[in-house]
Amino acid sequence: MASIGFIGLGNMGGPMARNLLKAGHELKAFDLVPAALDAAAKAGASLAKSAAEAAKDVEVVITMLPAAQHVRQVYTGEGGIVGAVSPGTLLIDSSTIDVDTARAVASAAKAKGLMMLDAPVSGGTGGAEAGTLTFMVGGEDAAYAKAEPILKNMGKTIVHAGASGAGQAAKICNNMILGASMIVVGEAFALADKLGLDKQKLFDISSKSSGQCWSMTAYCPVPGPVPTSPANRDYKPGFTADMMLKDLKLAQQAASSAGATTPIGAAAAALYGLFCAQGHGAVDFSGIYKLIRGRN
Ligand code: NAD
């Protein structure tokens, strides 16, 4: 079992940390929010007073932070982890951030003789609770080999996507598919309604036909067909529209710097931008169905 520093105990990091404790690892935890720290302590973690303290004298550091600026600050900002940890510590960032920041932080770590992986996840808060996340990992083979058994305590599918930044590249490509597919599934249900086709019938047919996709069968944006989907609890997240917009913007930023053409991804980013600007950023991202359907 390993000694692990865990930083960022929010909707995802909280349950991921609990699964590491359940597997028998020793955890030193840090977050800025006292309630998150209390929950981690109740689950058996010892508490640190700063990110640097959580990262000191452990074998592995895992971070699960909101966005790139937090990752930069925690790793390479004043009093950051990179300057605080012992040589040989493995650093794993599971936040979803842009590829360039992931590579820049990993090379700052490498310059100090540290191994670092980008290891963003898919599977949402349900997957974090159940320990069934998918991890997409970027970084060197030796670091991946060391990380894999630990990531298996939090996830079911662990894929070494390639060199540093490849995990983040996989994540934004995946979420561009997800954002776009959620919109079109919503459009299909809104169209079916106008055509007098029962939503359950559309689900029964499309979930077994070529229109089948995760946005329909696991996370259906209309109430009814998939009882566990957020549509049945007034679109309580889950995965917020703000977070989907963040990922779609990351995809657009990456597409623009790599010279890729992504018109449907761009349209999805624009629609989520509108939905969030209307004050729905904290709603589950499947709530975009309400915008598509309109008042009726
Ligand atoms: P969250 O906002 O619930 O949690 C982030 C935590 O980081 C918070 O508790 C916050 O207090 C803490 N934090 C922020 N700055 C900090 C600092 N300087 N030091 C210590 N702690 C700090 O977010 P989340 O839903 O857990 O998401 C985390 C990451 O995972 C994001 O990058 C998100 O895009 C990604 N993600 C989320 C989901 C999801 O369904 N929520 C799914 C896949 C990926």
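**Close-up views of a predicted model**

**View 1. Trp 214 and Tyr 219 form a stacked aromatic pair.** Trp 214 is partly exposed because its relative accessible area is 45% (buried means under 20%, exposed over 50%, partly exposed in between; 1.4 Å probe, protein chains only). Tyr 219 is buried, at 12% relative accessible area. The structure holds four aromatic pairs; rings of Phe, Tyr and Trp (its six-membered ring) pair if their centres lie within 6.5 Å, and planes under 30 degrees apart count as stacked, over 60 as edge-to-face and the rest as tilted. For Trp 214 and Tyr 219 the centres are 4.9 Å apart, with 20° between the planes.

**View 2. Phe 239 and Phe 285 form an edge-to-face pair.** The geometry is 5.7 Å centre to centre and 80° between the planes. Phe 239 lies in the loop between helix 11 (214-217) and helix 12 (241-258), and Phe 285 in the loop between helix 13 (263-280) and helix 14 (288-293), so the pair ties together parts that are 46 residues apart in sequence. Helices are DSSP runs (H or I, at least four residues), numbered from the N terminus. Both Phe 239 and Phe 285 are buried.

**View 3. Trp 214, Tyr 219, Phe 239, Tyr 272 and Phe 285 form one aromatic cluster.** The cluster includes the residues of the stacked pair, Trp 214 and Tyr 219.

**Notes.** This is a predicted model, in which local features need pLDDT of at least 70 and side-chain atom pairs count only at pLDDT 80 or more, while totals for chains, interfaces and linings use all residues. Residues are numbered from 1 along each chain as its sequence is written, and side-chain values use heavy atoms, with hydrogens and water left out.

Technical notes: Helices (H or I, at least four residues) and strands (E, at least two) are DSSP runs, numbered from the N terminus.
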